[in-house]
Amino acid sequence: MATNGVKAGGFSWSVSLREAGLLLLTAAVLTAVSWFLRSERLPLQADPVAYELELAAPLIDPEDALLLYDEGIHLFIDSRPRPDGAFDTVPGAIFITEDNFDDDLLVYFDFMTPEDYLILFGDGDLFPVSNLAARFQERGYDNLLILKGGLGAWRKAGGEISHRQGGES
């Protein structure tokens, strides 16, 4: 004879499943609460101040890059892959990407020399831009700077933005 869901053998699946469910729910709630109360989170982007990054060229703050842009003696190199549609960039920037480095450099070979001052920028990820800077250094370009924060930081600092279509250089 069974009473309160317990069978004559002393074991009931419904009681065991209910207790397991309550334990699972309690564990999930405690995990969620501890996750929300945790104060330290991992950074989503490496901050060059917190981490010593080995970059091929020194970083320049967007505010300082704006001053150099106004002087007009630096060439700005957009290292991002060119999209097919409309996109934004620094006015007067030329496109040289790591994937097409040799072909892109050949296009600008007539007026760009190793003595020129270059500011390289991308989408904010420093490593692809640093790789491009290393390629420039292999070709004898030593006056290189990397824009800290990329085009987004340039825009935030009040830098001019040029709107272009895919295929424009």
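**Reading pockets and cores in a predicted model**

Modeller: In this predicted model, the largest pocket has a volume of about 170 Å³.

Biologist: Which residues of the largest nonpolar core touch the most other members?

Modeller: As a general idea, nonpolar side chains in soluble globular proteins tend to be buried together. In this structure, the largest nonpolar core has 18 residues, and those touching the most other members are Ile77, Ile96, Met112, Leu118, Leu120, Phe136 and Leu144. Two or more residues each come from helix 3 (101–107), strand 5 (117–121), helix 4 (126–138) and strand 6 (144–147). Helix 4 contributes the most, with five residues.

Biologist: What does Ile77 contact beyond its neighbours within four places in sequence?

Modeller: Ile77 is in contact with Ile94, Ile96, Met112, Leu118, Ile119, Leu120, Phe121, Leu132 and Phe136. There is also a second, separate core of 12 residues, which includes Ile60, Ala65, Val90 and Trp154.

Biologist: Is Ser162 buried or exposed?

Modeller: A residue is called buried when its relative accessible area is under 20%. Ser162 has a relative accessible area of 17%, and therefore counts as buried. Ser162 lies in strand 7 (residues 162–164). Not counting residues up to four places away in sequence, Ser162 touches Phe87, Asp88, Thr89, Val90 and Pro91.

Definitions and conventions
Residues numbered from 1 in each chain as written. Predicted model: local features only at pLDDT ≥ 70, side-chain atom pairs only at ≥ 80, totals over all residues. Heavy atoms only, no water. 1 Å grid on protein atoms, 1.4 Å probe; cavity = no way out; pocket = protein on both sides within 12 Å on 5 of 7 lines; lining within 4 Å. Points joined across faces, edges and corners; volume = space filled by probe spheres on them. Helix = DSSP H or I, 4+ residues; strand = E, 2+ residues; numbered from the N terminus. Buried < 20%, exposed > 50% of the residue type's maximum accessible area, 1.4 Å probe, protein only. Contact = heavy atoms within 4.5 Å. Core = buried A, V, L, I, M, F, W, Y, C linked by side-chain atoms within 4.5 Å.
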